[in-house]
Amino acid sequence: MTDHEAARALRQWREAAPDAVLLDGFHALKHALRFGADIRCAITSDKESVLALAAGLAEDMTGAFDDRVVEVPKEALRELVPKGHATQVAALATRRARVDNRQALDRRPRSAPIVVLDNPRNLGNVGAVVRLAAGFGVTGVVTTGDLDPWHTNAVRAGAGLHYATAVEHVDRDALPAGPLYALDPEGEDIRSVVLPDDALLAFGSERHGISPELRGRADRLLSLPMRPQVSSYNLATSVAMTLFHWGGPR
Ligand SMILES: C[S@@+](CC[C@H](N)C(=O)[O-])C[C@H]1O[C@@H](n2cnc3c(N)ncnc32)[C@H](O)[C@@H]1O
């Protein structure tokens, strides 16, 4: 590292930070790079280790890490990212534009479902669902309610995969079009139903389940198989089972 490069990177970081998305750790940056994120600034306190990680875990990305990541003093990294990831690398990226996400969500015909999280309360669950959605190649994840699905804690739990699918907050009355399947323990057994590729798959909040509004609008209420006396599954686990039942990437 030269002092000049490090000072410039730290200046860029401070300028970008207020409205950028924090990518905390090697995997988050790797995924964001792979899925075309606009990386504003990437810093580490140990570039040699970062490049060794890339060589071991993501050889396709070694060049990108070498080009993008600037080494800065350990204290500077700690000051900018106090609860930093063990891999000692962090980056700032531009949030995907709402208009692009909305276009992706509204495009028809739709070849993979959209996951609707109805007023989720736990940002870790939101991130876990984004990661599932990216893996299954779904069209997007939309959330209703007051949480921002791009909150730092959701992006952290999503391992940078917010750039691999369309993640947006929407109002309940502005959901993308498509048949609405709401997941609820009182619904009909999902195993008897084929989920269409253009479905909206809606899941309720951790506390209160699916809202009366979405329940009332649902074309079908579906349940996941569960033994009597178990009340419900975790939200992200329910999404995983439902996407697996849909069929996943082909
Ligand atoms: C933790 S659960 C919500 C529990 C909540 N106390 C309730 O009364 O429904 C979060 C969401 O996961 C989905 N879910 C959990 N278990 C399910 C099951 N057995 N069948 C269908 N959906 C389920 C539902 O969409 C539910 O709203």
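Predicted model: local features only at pLDDT ≥ 70, side-chain atom pairs only at ≥ 80, totals over all residues.
Helices (H or I, at least four residues) and strands (E, at least two) are DSSP runs, numbered from the N terminus.

Polar contacts are pairs of N or O atoms within 3.5 Å; within protein, one atom must be able to donate a hydrogen and the other to accept it, and residues adjacent in sequence count only if both atoms are side-chain atoms. A polar backbone atom of tyrosine 233 lies 2.9 Å from a nitrogen atom of the ligand, and one of arginine 207 lies 3.2 Å from a ligand nitrogen. Serine 238 places a polar side-chain atom 3.2 Å from a nitrogen atom of the ligand. Of the 560 Å² that the ligand exposes when taken alone, the protein buries 84% (Shrake-Rupley method, 1.4 Å probe; for residues, only the protein chains shown count as cover).

The space taken by the ligand is the largest pocket, a molecule being assigned to a cavity or pocket if more than half of its atoms lie within 2 Å of its grid points. On a 1 Å grid over the protein atoms alone, a cavity is a set of points where a 1.4 Å probe fits but cannot get out, and a pocket is an open set with protein on both sides within 12 Å along at least five of seven lines; lining residues have an atom within 4 Å of a point. The largest pocket has a volume of about 400 Å³, a volume being the space filled by probe spheres set on points joined across faces, edges and corners. Of its 21 lining residues, Leu183, Pro185, Ser232, Tyr233 and Ser238 are the closest to the centre. Two or more lining residues come from each of β8 (180–189), β10 (220–223) and α10 (235–246), with β8 giving the most, four. The lining has nine nonpolar, eight polar and four charged residues.

The second largest pocket, of about 250 Å³, is lined by 15 residues, of which Arg8, Gln12, Asp67, Arg68 and Val70 lie nearest its centre. Elements giving two or more residues to this lining are α1 (3–16), β2 (39–44), α4 (62–68) and β3 (69–71). Its classes are seven nonpolar, one polar and seven charged residues.

Two backbone features occur in loops. Arginine 108 and proline 109 are joined by a cis peptide bond, with omega about -5 degrees; proline 109 is in the loop between α6 (98–106) and β5 (114–117). Alanine 159, in the loop between α8 (152–157) and β7 (166–169), has a positive phi near 55 degrees.

Residues are numbered from 1 along each chain as its sequence is written. Local features need pLDDT of at least 70 and side-chain atom pairs count only at pLDDT 80 or more, whereas totals for chains, interfaces and linings use all residues, and side-chain values use heavy atoms, with hydrogens and water left out.

Conventions:
Nonpolar A, V, L, I, M, F, W, Y, C, P; charged D, E, K, R; others polar.
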